[in-house]
Amino acid sequence: MNARLPFDPIARAAQQWRTHWGEDSPYQAMATVTSIMRVQQILLAELDGALASLDLTFARYEALVLLTFSRTGELPMSKVGERLMIHPTSATHIVQRLAVQGYVDRVPNPRDGRGTLARITDAGRAVMEEATGRLHSIEFDLADLTTEQHRQMFELLRAVRVGAGDFDNY
């Protein structure tokens, strides 16, 4: 982690943005998106750090949770990528890594002769439960927020996701 700065560089950038491009420029939007990206970096580093001794990343943990939450403990590879909202190549890499670790089995899909299912193993369920306990204990590194702030932030970010067409908003 970098040394702490004596000022907020994103607030400073917003001031510079407003000065350079004017009061009518979207300087606040720039500061918001930059803040979101920075928080994403912070959270990913902290969550990966919490899972490192289990030889998991947060991305692999999410895949284990997804498989655990599925009705049968298995999903077609295409569904893994779709539901994790990642590129199919990334989903394949994640599942391959979990398979090497013994947390997931890759099995032929009986409903699609060309397809593969990712199936969580007992070891995968056990490490997912241990990882979940660790993430619960640090409140996913968001313990500084109140329940109401969590709700508000979720709703604000959900509005961005709806606007981007991330999912059907019924």
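A pair on helix 6

Reply: Glu130 and Arg134 are separated by about one helical turn, because they sit four residues apart in helix 6. Before going on, the ground rules: this is a predicted model, where local features need pLDDT of at least 70 and side-chain atom pairs count only at pLDDT 80 or more, while totals for chains, interfaces and linings use all residues. Residues are numbered from 1 along each chain as its sequence is written, and side-chain values use heavy atoms, with hydrogens and water left out. Helices (DSSP runs of H or I, at least four residues) and strands (runs of E, at least two) are numbered from the N terminus.

Back to the pair. Helix 6 covers residues 122-137, and Glu130 is in it. The side chains of Glu130 and Arg134 meet in a salt bridge at 3.2 Å, N to O; the term means a side-chain nitrogen of Lys or Arg within 4 Å of a carboxyl oxygen of Asp or Glu. Apply that rule and you count seven salt bridges. The scale here is buried under 20%, exposed over 50% and partly exposed in between, with a 1.4 Å probe and protein chains only. For a sense of reach, Glu130 and Asp168 are 38 residues apart in sequence, and their C-alpha atoms are 33 Å apart in space.

Two other salt bridges are worth a look. Glu23 and Arg18 meet side chain to side chain at 3.7 Å, N to O. Glu23 is exposed at 53% relative accessible area, whereas Arg18, at 33%, is partly exposed. Asp166 and Arg161 also pair up, at 3.0 Å, N to O. There, Asp166 has 34% relative accessibility and counts as partly exposed, and so does Arg161 at 30%.

Now to helix 1, which runs over residues 9-21. At the start of the helix, a side-chain oxygen of Asp8 reaches to within 2.9 Å of the backbone nitrogen of Ile10. Just after the helix, Gly22 takes a positive phi of about 100 degrees.

What about the greasy side? Val33, Ile36, Met37, Met153 and Leu157 make a nonpolar surface patch of about 420 Å². A patch takes residues with over 30% relative accessible area and no salt bridge, joining like charges within 9 Å and nonpolar side chains (Val, Leu, Ile, Met, Phe, Trp, Tyr) within 5 Å. The areas come from the Shrake-Rupley method with a 1.4 Å probe, and for residues only the protein chains shown count as cover. Helix 2 (27-51) and helix 7 (147-163) each supply at least two residues of the patch, and the largest share, three residues, comes from helix 2. Met153 is found in helix 7 and, at 39% relative accessibility, counts as partly exposed.

On to the strands. Strand 2 (residues 104-109) and strand 3 (residues 112-120) pair in the antiparallel sense over six bridges; two strands pair if DSSP finds at least two bridges between them. Val107 has Leu117 in strand 3 as its bridge partner. A hairpin of two residues joins strand 2 to strand 3. As a rule, side chains in a regular strand alternate between the two faces of the sheet.

Finally, two loop residues. Thr72 sits in the loop between helix 3 (58-69) and strand 1 (74-76), and at 56% relative accessibility Thr72 counts as exposed. A polar atom of the Thr72 side chain lies 3.4 Å from the backbone oxygen of Glu74; polar contacts are pairs of N or O atoms within 3.5 Å, where within protein one must be able to donate a hydrogen and the other to accept it, and residues adjacent in sequence count only if both atoms are side-chain atoms. Thr72 and Thr32 are 40 residues apart in sequence and 40 Å apart in space, C-alpha to C-alpha. Ala143 has its place in the loop between helix 6 and helix 7, where its 44% relative accessibility makes it partly exposed. From Ala143 to Leu98 it's 45 residues in sequence and 29 Å in space, C-alpha to C-alpha.

Methods:
Expected span 1.5 Å × (residues − 1).
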